[in-house]
Amino acid sequence: MIPSSFDYHAPATLAEAVALLGKYPEDAKVLSGGQSLLPLLKLRLGQAGHLIDIGKIPGLEYIKEEGGMLRIGGRTRESALERSEIVQKRYPILVDTAKVIADPIVRNLATVGGNLAHGDPGNDHPATMLALGAQVVAMGKSGERVIPIDKFFLGLFRTALQPDEILTEIRIPAPVEGSGGAYVKLERKVGDYATAASAAYVVIGTQGFVERAGIGLTNLGPTPIKATAAEKYLIGKKPETAALAEAARIAAQATEPSADRRGAVEYKREMARVLTGRALKKAVERAGGK
Amino acid sequence: MPKTSAEVQGMGHSMKRKEDPRFLRGKGNYVDDVQLPGMLHMDIVRSPFAHAKIKSIKTEAALKVPGVLAVITGETLAKYNLHWMPTLMSDTQMVLPVEKVMYQSQEVAAVIATDRYAAADGVEAVEVEYDPLPVVIDPWEAIKPGAPVLRTDKKGKEDNKIFHWEVGDRSGTDKAFKDAEVTVKQDIYLPRIHVASIETCGCVADFDKVNGKLTVYMTTQAPHAIRTVFALVAGHVGLSEEKIRIIAPDIGGGFGGKVPVYPGYVIAVAASVVIGKPVKWVEDRMENLQADSFARDYHMTAELAAKKDGTITALRIKTLADHGYADAAANPSKFPAGLFSVCTGSYDVKKAFAEVDGVYTNKPPGGIAYRCSFRVTEAAHAIERITDVLAQELKMDPADLRMKNFIKKEQFPYKAALGWEYDSGDYHAALKKAMDKIGYAELRKEQAEKRARGELMGIGICSFTEIVGAGPSKHFDILGIKMFDSAEIRVHPTGKAIARFGTKSQGQGHETTYAQIVAEELGIPAAHVQVEEGDTDTAPYGLGTYASRSTPVAGAAGALAARKIREKAKKIAAHLLEASEEDLVWETGKFSVKGAPGRSKTIQEIAFAAYTNHPQGMEAGLEAISYYDPPNLTFPFGSYICVVDIDRGTGMVKIRRFVAVDDCGNIINPMIVDGQIHGGLTMGMAPALLEEITYDESGNIQGGSFMDYLVPTSMETPSWELDKTTTPSPHHPFGAKGVGESATVGAPPAIANAVVDALSHLGVKHIDIPITPEKVWKILKEKGVAE
């Protein structure tokens, strides 16, 4: 449990951090909360010659609503998200998600940006962000760019971030009338990655029909999965039991799980269906649908 | 009601633990806290293969890593004939291999460096070339003719069998089965698990070349036995017992896992002896899980014969025991399967027969008595599960079936069919209390209603009998040393005392409970009794703490040593009071003259006199030592009832309620007993629902880190509901039995029985533990009831 040696950098500004990343393009890793990176280094499953700690850079930890968006600073701790008043009041799906990430000790250090930027399909935020249609803000040497979340996850531990880019902000559209979301996770024990988990978000129009649906799935394939077909299926439907069940069935078809100690492929796929059904039901309830 | 005052805090007081202030403030002193001048660090190269020839070990690159001083291999140790060591079970195991490795994560070489980081880099730089050999993982394959023979080191060995052991009346049992009205049979596997104590294993070996003295700070549950083992095993290289000092400092959990001598200890000692500097070795978590001794791994086939009315007439159990590549069981009994023969449990079974075959596989050696007196958990699981299978076959309520077959209170002391003499018990009372507390009849009603609605709820009972307190010398020894234990008490002039014991607490709270025993016997407040253990230079010889033996054996020695002191105190009191000894009466803390209660001397006054004014002809001082060889084991028992709800969508089992009624005889500290039961229940729930170590067909360990070895947290743990009955042990000096292991033994069958009960109407008879959500879901799907 002892990592190989590495150089540690603690830049004071984002520009400095980006410059350092540019200087060591093959061999640098951004250290945010360190809750995924450090275990990899300690187990010598990964190696980095340079750790760029963004912990000393001011202005990366915030949660605020601005311009019709919830803006979450990239280095915001999971525990801060969990306890945030505005999140508790208006974004219960984020509370659902934050409180099932690892355990409280990890959440005191782990960051929302790190959870996304690590590109691990087992992490919990990606599915929720996919369901919510979030955006990710990245800072690189040529400045800032905004990446839609459904273009962000490219492969196992691979994201749209360039080697010299740092994830600085997550933007989530503010909830509208008739909207609701929920995240439901099956884990073997607290602190475990999901056997399967599902994030669901719905907007129900005044006539009682689904106007928008978002479904994201955790740990059911090499990347976090956006269950597009299931989302489409729900549009224009009344959010009733049969329709939700059918959407859940379609969502499960989008999964590509691999067997491990959490379960066989068949079990995980079935859990995708069961949990999506439950997440959708809860989302509809929260939307005031039933 | 306690006999002593709140000031004295003798038996029955929930005294706060004397050790807790230092633990709560982070002031404990564990092996890894030990820092010695010039101390070097050791890290271990481990095998990625489960079975492979070692073609070469290249150390040049490692020796070039800054800070690396030496690389120790099997060849290095072979020069001193230390590359193999004997096990307690008369088998042998490697310290470091010369020819081949036998399990994944086996020690291959050790790197000694000036700091821990350099040692780790050195390990990375050691190049080992392997030639993989055929792997034998499944014990059923291992016993087949033609299976690759693993122990090629043993001349003439042509198979993988270790031992065959049997007990009981084979032909009488077979006849009872032939004549039976009803029989049931069930294969039951108790999987390989790990104690996973919070502190991993390690040591600091410090050999003083000038004085020839070896001091080893070590995570051991049995420091004195370890000293003798070191003297016997390494006598030929000049280690002599009077020059070996083993210090077991604070220990963060043992549970049997800190009884064995692991190769790492021996290598560190060898390194310190050769280099002449202190060498520290502390395992990391994955090494601990992957290479240290496992527990269980018993493949059992249990059978019961009975009459139609439910009267059990016979029990038969056949077992295949997977010991890994060596029988390194930390088993102090004279029987290769430990105390497995307690498998008739709480029932009056007239005919019984049990047999166990031990077998080698390419897995780490063991096993250990994980919070049970060796193979008792296996025995309890077999009898408690097969009893439920019988109840299901007879369509009888499992509580009724148990009540019908329990050994009756008036049958104690009870001679069991497989030889043990149970000391005392009242099984009917314990089960009745548990049923009343949980509301058994109402729960059965609720279950029927839920079943009608398609909901899954189960109620499981386990009425276990434990067998603890090793042990009577006719059944137990370590290298021939009888399994007594010891206490030495010295009362100081001001009436305070120090008490030293041959055991070693790893969290049991001995500093508190032993002080309370002395307080009870002498009336000296427990707060004034300092308890010490674990340093072989100061404590009297004892066999250590495991098998719930501290209270039954060392605790008894403590009481007897205190009683010897009281005898002397009486003589001094008679002298001080100018009365004859026959005229003195003892009540806690003082001797008074009969009929003149005003004329008395307190133990403190007597202690002072022992050094200042003792009778002529009497030696000064007030101290005593006692070595206690118990006449029998003690047999704690209990009845547990568990209620579970099953999620039909995910297969997840939720423990809704769990009532535990325990009987461990007279209690020293009720709070500590409750704590033992809380912890034990959680450690019993763990293998029932979560924990398991498995291997793939290449021998790769699955579950070798806390990512996959699922130790429960408070979130998985239900709120345990405790109660008790009190049936003192008739042969123990203060009527106590052991309690450390009851809950670990009793909880798994209660939970397994509850889950099977929830599914019994679908025709489910048995599920092997751990009962994972996926396992349950598969059953739900097969039976067509999944959501």
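How many helices and strands does the secondary structure of chain B come to? The count is 19 helices and 34 strands. With a radius of gyration of 28 Å, close to the 28 Å that the globule rule gives for 787 residues, chain B is as compact as a globular protein of that length.

Please keep in mind that this is a predicted model. The predictor gives the complex an ipTM of 0.96 and a pTM of 0.97. For chain B, the mean pLDDT is 97, and 100% of the residues reach 70 or more.

**The two chains**

Chain A has eleven helices and 14 strands. A compact globule with 290 residues would have a radius of gyration near 19 Å, and the 19 Å of chain A agrees with that.

| Chain | Rough box of the C-alpha atoms |
|---|---|
| Chain A | 55 × 45 × 30 Å |
| Chain B | 85 × 75 × 50 Å |

**Inside chain A**

Let us start with the domains. Chain A is divided into domain 1 (7-51), domain 2 (63-173) and domain 3 (179-286). Between the centres of domain 2 and domain 3 of chain A, taken over C-alpha atoms, the separation is 19 Å. These domains also meet: 21 residues of domain 2 of chain A are in contact with 26 residues of domain 3 of chain A.

Which elements build the side of domain 2 of chain A that touches domain 3 of chain A? Helix H5 (92-98), helix H8 (125-132) and strand S8 (153-155) of chain A each supply at least two of its residues. H8(A) gives the largest share, six residues. By class, this side of domain 2 of chain A divides into twelve nonpolar, five polar and four charged residues.

**Inside chain B**

A sheet in chain B is worth a look. Five strands form this open sheet, in the order S9-S17-S16-S15-S10 (chain B), with mixed pairing. Strand S9 (161-168) and strand S10 (182-193) of chain B stand at the edges with a single partner strand each, so one side of each is left without a neighbour in the sheet. From one strand to the next, the twist averages 10°.

Further into the sheet, strand S15 (residues 295-306) and strand S16 (residues 312-322) of chain B pair in the antiparallel sense over nine bridges. To see this pairing at a single spot, find Thr301(B), which stands opposite Lys318(B) in S16(B). Strands of a sheet pair in this way through backbone hydrogen bonds, either parallel or antiparallel. Helix H10 (residues 376-394) of chain B lies across S10, S15 and S16 of chain B, and runs at about 145° to S10(B).

**Where the chains meet**

Finally, look at the contact between the chains. Here 20 residues of chain B are in contact with 14 residues of chain A. Helix H4 (116-125) and helix H19 (773-782) of chain B each supply at least two residues of the side of chain B that touches chain A. The largest share, four residues, comes from H4(B). Which classes of residue make up this side of chain B? There are seven nonpolar, five polar and eight charged residues.

Key
Residues numbered from 1 in each chain as written. Chains lettered and ligands numbered in written order. Predicted model: local features only at pLDDT ≥ 70, side-chain atom pairs only at ≥ 80, totals over all residues. Pairing = 2+ DSSP bridges. Axes fitted to C-alpha atoms, helices over the stretch in contact; angles between N-to-C directions. Contact = placed C-beta atoms within 7 Å. Domains from an automatic or database assignment. Nonpolar A, V, L, I, M, F, W, Y, C, P; charged D, E, K, R; others polar. pLDDT = per-residue confidence, 0-100. Rg over C-alpha atoms; globule rule 2.2 N^0.38 Å.
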